[in-house]
Each structure stands twice: as structure tokens, then as C-alpha cells.
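Colleague: I have a structure to go through with you today. Could you take me through it step by step?

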Amino acid sequence: MWYTNPVNGYNSITRSDGKAFDSVGMLVGSGYGGYCRDRECDAVAPYLSLGYRTLSHGIVVSSGLLPNHNPNAHYLGFSGGGFDEVQVWDFNPLGWPGHSAIIIDAIEMTSSVPEPGTSTLLLAGLGLLALGARRRKRGTSA
């Protein structure tokens, strides 16, 4: 589990190779509420919001605020591509302004851009299939 309290107010998630995401998802929670049982969460959640932005080359693609953010871990995901960065933060008007107490865990992502090795293997496989078909054709016509 990753507990953060960044000074800039959000956490930024990017790929280490700088490529765009096809989708990204994670478990998120809040350090403001701590762990609570279901009925206890109902008392804390109205004070918590989860903010997000997706960006492409530093330009905001989408953004929003999810009110009544449950402090216990729950899934947050983005899909559809067109972004290379996700920024998330936890907001509590009674907490520290400009700070986030978001908890992030189990980040998963996919990219629709194939790795260079994948394309090479695909081309090699297609070449072998073509070669095999050509040999079979020669063998049946003799």
C-alpha cells in the first residue's frame, strides 16, 4: 500500500517509457478517514472527495471530483486511451489545504501500442506460415 501526502496536492501516475495509456486502474482510499466499518464510513465519507485529471502531453483531457469518497480501498479506473498521465488526490475541506492523504495500491495498466519485440515476432511468424504454405503447395503439385 502506498500512503502519500504530496505538497503539490496530487499524485501523478505515468509510464516509465513515456507512452500513452490505453487504460489504468488502481485501488484508492483515504488516510483522512483511516479504516472504518461500513456504518462508520457513512459518517466520514461526506467530508471526503477524490479528484482526478487525465492529461496528454501536459494538457487536461478529462477531470472531475467524486464526492463522498469512501476512505476504505475501492477501485478507480480510466479507459479509452488518449492520455499519458493520471493525477489523483484526496480532498478533505476539514484537512490540510493543498495536501492529499490518498492511499494508492495495485496499479494496473494496459497500452494498445505493441512493444517492438511483439511486432518482430508477429512478422517472423507470418513469414514462417507463408514459407510452410509455399512448401505444401509445391509438394502437392509434383
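Colleague: Is Asp17 buried, partly exposed or exposed?

Modeller: This is a predicted model, and in it Asp17 has a relative accessible area of 40%. Asp17 is partly exposed, because that value lies between the cut-offs of 20% and 50%.

Colleague: Which side chain meets Asp17 in a salt bridge?

Modeller: The partner is Arg15, and the N to O distance is 2.4 Å. Arg15 counts as buried, because its relative accessibility is 10%, which is under 20%.

Colleague: How many salt bridges does a search of the whole structure find?

Modeller: The search finds 1 salt bridge.

Colleague: Let us turn to the rings. How many aromatic pairs are there?

Modeller: The count is 2 aromatic pairs. Phe21 and Phe83 form a tilted pair, with 5.7 Å from centre to centre and 35° between the planes. This pair links distant parts of the chain, since Phe21 belongs to strand β3 (residues 21-30) and Phe83 to strand β6 (residues 74-83), 62 residues apart.

Colleague: Are Phe21 and Phe83 buried or exposed?

Modeller: Phe21 is buried at 4% relative accessibility, and Phe83 is buried with a relative accessible area of 3%.

Colleague: What about the rings of Tyr52 and Phe78?

Modeller: Their centres are 5.3 Å apart and their planes meet at 50°, so this pair is tilted. Tyr52 lies in strand β4 (residues 49-56) and Phe78 in β6, so the pair ties together parts that are 26 residues apart in sequence. Tyr52 and Phe78 are both buried.

Colleague: You mentioned β4. How does β4 pair with strand β5?

Modeller: Strand β5 covers residues 59-67, and β4 pairs with β5 in the antiparallel sense over 8 bridges. The two strands form a hairpin with 2 residues between them. In the turn, His57 has a positive phi of about 55°.

Colleague: Which residues of β5 stand opposite Arg53 and Thr54?

Modeller: Arg53 stands opposite Ser63, and Thr54 stands opposite Ser62.

Colleague: In what order do the strands of the open sheet come?

Modeller: The sheet has 4 strands in the order β2-β7-β4-β5, and the pairing is antiparallel. Its edge strands are β2 (11-14) and β5, each of which pairs on one side only. On average, neighbouring strands of this sheet are turned by 15° against each other, direction ignored.

Colleague: What holds the strands of a sheet together in general?

Modeller: Strands of a sheet pair through backbone hydrogen bonds, either parallel or antiparallel.

Definitions and conventions. Residues are numbered from 1 along each chain as its sequence is written. This is a predicted model: local features need pLDDT of at least 70, side-chain atom pairs count only at pLDDT 80 or more; totals for chains, interfaces and linings use all residues. Side-chain values use heavy atoms; hydrogens and water are left out. Rings of Phe, Tyr and Trp (its six-membered ring) pair if their centres lie within 6.5 Å; planes under 30 degrees apart count as stacked, over 60 as edge-to-face and the rest as tilted. Buried means under 20% relative accessible area, exposed over 50%, partly exposed in between (1.4 Å probe, protein chains only). Two strands pair if DSSP finds at least two bridges between them. A salt bridge is a side-chain nitrogen of Lys or Arg within 4 Å of a carboxyl oxygen of Asp or Glu. Axes are lines fitted to C-alpha atoms, for helices over the stretch in contact, and angles run from 0 to 180 degrees between N-to-C directions.
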